Amino acid sequence: MRSLLLVLLVALAGCFGALDSRASSEGDDQGSGDGSGAGGALPTECRYASDCVPAGPKCCDCPTHAVPLDDPAQRACENVACPVPSCGSPMEAACESGMCVLVCSPTVTTMDCVDGFASDANGCLVDACAMPTATECSMDNQCARVRADCCGCALGGNDTSVPVDAVSAWEQLLMCPTNPSCPMVDTCAPDLAARCVAGECTLVAGALPPNACGRPDLPACPQGEVCTVNASDPATMQGVGVCLPP
């Protein structure tokens with residue numbers, strides 16, 4: 001009889017252990033923090049740019065995004081004969097943070113442009129000078145960083161950039177009370193600076209790279225390097241390129 005009771009107790013312990021394990025597992029699914037965290041990891045599409053390809057809404061459309069090489073829709077387009085498209089500046093697939101993305105292809109330039117290089121419908125810089133529609137400035141020192149609202153980024157609002165000689169008029173235009181109601185949290189990005197881009201004062205993140213090129217006020221590329229646009233985000237934001245080996 002005692003043997004039978006022992007068998008029953010062991011069986012019941014196994015059942016409760018299984019239920020306990022299942023409950024623990026369900027708790028982890030709810031984000032208890034007790035698990036390894038592997039279940040919540042985002043899927044990784046790629047490790048290298050070569051793992052990705054440009055893709056469009058349909059097989060012969062201009063690319064609008066990038067997908068992994070083994071994407072079913074992309075595989076279905078492999079044997080489709082498409083005419084040579086006219087899609088503006090060249091774009092290519094890249095792998096960023098494990099995801100396939102479409103980026104502007106680096107392009108060698110042949111000129112210097114006072115107002116930086118023009119961009120096309122894709123937002124990529126091209127080997128042509130920008131034709132600015134604004135004439136607020138011609139140099140960075142003609143622009144000033146100011147608050148865009150009554151709080152400004154120092155108090156939880158936003159900042160913007162205006163010509164130096166328009167700062168007083170801008171402050172009057174805001175018509176701010178003496179003590180505005182603000183979140184009182186400093187949200188200022190330390191790398192933002194007022195710069196003149198294509199004749200317009202704007203806030204730009206990051207300073208120009210030391211190898212920036214493409215404007216008369218920037219050094220010429222050293223021998224063995226060429227000025228290339230779409231190869232550096234800080235340079236692209238200011239409409240210029242960087243010196244790189246061809």
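**Reading loops, sheets and disulfides**

Mentor: Start at Asn230, found in the loop between β13 (226-229) and α4 (233-237). This is a predicted model: local features need pLDDT of at least 70, side-chain atom pairs count only at pLDDT 80 or more, and totals for chains, interfaces and linings use all residues. Residues are numbered from 1 along each chain as its sequence is written, and side-chain values use heavy atoms, leaving out hydrogens and water.

Trainee: How many helices and strands does the protein chain have?

Mentor: Helices (H or I, at least four residues) and strands (E, at least two) are DSSP runs, numbered from the N terminus. The protein chain has four helices and 14 strands.

Trainee: Is Asn230 buried or exposed?

Mentor: Buried means under 20% relative accessible area, exposed over 50%, and partly exposed in between (1.4 Å probe, protein chains only). Asn230 is buried, at 11%. Its phi is near 65 degrees, a positive value in a residue other than glycine. Met175 also has a positive phi, near 50 degrees. Met175 sits in the loop between α3 (167-174) and β10 (192-197). Met175 is exposed, with a relative accessible area of 71%.

Trainee: In what order do the four strands of the open sheet run?

Mentor: Strands of a sheet pair through backbone hydrogen bonds, either parallel or antiparallel. Two strands pair if DSSP finds at least two bridges between them. Here the order is β5-β13-β14-β12, with antiparallel pairing. β5 (107-108) and β12 (212-213) are the edge strands, each pairing on one side only. Two bridges join β12 to β14 (residues 241-244). Ala212 has Val242 as its bridge partner in β14.

Trainee: How many disulfides does the structure hold?

Mentor: A disulfide is a pair of cysteine sulfur atoms within 2.5 Å. The structure holds 14. One of them joins Cys213 to Cys227, S to S 2.1 Å. Cys213 lies in strand β12 and Cys227 in strand β13, so the pair ties together parts 14 residues apart in sequence. Both cysteines, Cys213 and Cys227, are buried.

Trainee: Why is the disulfide of Cys46 and Cys95 right-handed?

Mentor: The torsion about the S-S bond of Cys46 and Cys95 is about 90 degrees, so this disulfide is right-handed. Cys46 is buried, at 5%, whereas Cys95 is partly exposed, at 21%. The link of Cys113 and Cys129 is left-handed, with -80 degrees about the S-S bond.
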